[in-house]
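Open the model in your viewer and switch to a cartoon view.

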Amino acid sequence: MIMDNEKLLELAHKAAKNSYSPYSGFSVGAAVLCDDGSVYLGCNVENVSFSATNCAERTAMFSAVADGKRKFKKIAIAAHRKDGQVIFTPPCGVCRQVLCEFCSADFVVIMTDGKNIIEKTLGELMPLSFNEF
Ligand code: THU
């Protein structure tokens, strides 16, 4: 199946439905496309400690990695505020670092406000990333 950006975003919206976000009320979903065509979904999972919260992007990535996937093409992110508004949500710094662990600079990050789609490469979002020591 051809996985276009709209379809991947639709899956990210679907993933957001499972968001566990009693503290922020911000429901985020992510869908990551692997190079073999498989897709893994993730949502944000909050915690009363706040710091133990996992973002949707990391949930999706960790789920894919736990299933043996190591090569990725793109990720779509869909985020709904408490009032239902969909807002452009770029990955946080921690998620960018996790994406850099597995994805190259041409990996694509797709975001939406419900109408428009913004596409950025990981290289654009995370220039000069820390990736070796
Ligand atoms: N969040 C994500 O899941 N992904 C992002 O890209 C930004 C933030 C979540 C974490 C937390 O549950 C809520 O949104 C508010 O920060």
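This is a predicted model: local features need pLDDT of at least 70, side-chain atom pairs count only at pLDDT 80 or more; totals for chains, interfaces and linings use all residues.

Two strands count as paired if DSSP finds at least two bridges between them.

Stop 1: Select the strands. Five of them form an open sheet, in the order β2-β1-β3-β4-β5, and the pairing is mixed. At the edges are β2 and β5 (117-121), each of which pairs on one side only. Ignoring direction, neighbouring strands of this sheet are turned by 20° against each other on average.

Stop 2: Select residues 27-34, which are β1, and residues 39-43, which are β2. These two strands pair in the antiparallel sense over five bridges. To see individual partners, show L33 with V39 in β2, then A30 with G42 in β2. β1 and β2 form a hairpin with four residues between them. Which residue in the turn has a positive phi? Select G37, whose phi is about 95°.

Stop 3: Next select α1, residues 5-16. Helix α1 packs on the sheet and touches β1, β2, β3, β4 (108-112) and β5. The direction of α1 makes about 50° with that of β3. Then select α2, residues 56-66. Helix α2 lies across β1, β2 and β3 and runs at about 140° to β2.

**Stop 4: the aromatic pairs.** Now show side chains. The structure holds two aromatic pairs. Begin with Y23 and F50, whose ring centres are 5.8 Å apart. Is F50 buried or exposed? F50 is exposed, with a relative accessible area of 56%, while Y23, at 40%, is partly exposed.

Move on to F72 and F102. Their rings form an edge-to-face pair, with 6.3 Å from centre to centre and 80° between the planes. F72 is in strand β3 (residues 72-80) and F102 in helix α3 (residues 93-102), so this pair links distant parts of the chain, 30 residues apart. F72 has 10% relative accessibility and counts as buried, because the cut-off for buried is under 20%. F102, at 26%, counts as partly exposed.

Conventions: Residues are numbered from 1 along each chain as its sequence is written. Side-chain values use heavy atoms; hydrogens and water are left out. Rings of Phe, Tyr and Trp (its six-membered ring) pair if their centres lie within 6.5 Å; planes under 30 degrees apart count as stacked, over 60 as edge-to-face and the rest as tilted. Buried means under 20% relative accessible area, exposed over 50%, partly exposed in between (1.4 Å probe, protein chains only). Axes are lines fitted to C-alpha atoms, for helices over the stretch in contact, and angles run from 0 to 180 degrees between N-to-C directions. Contact means heavy atoms within 4.5 Å.
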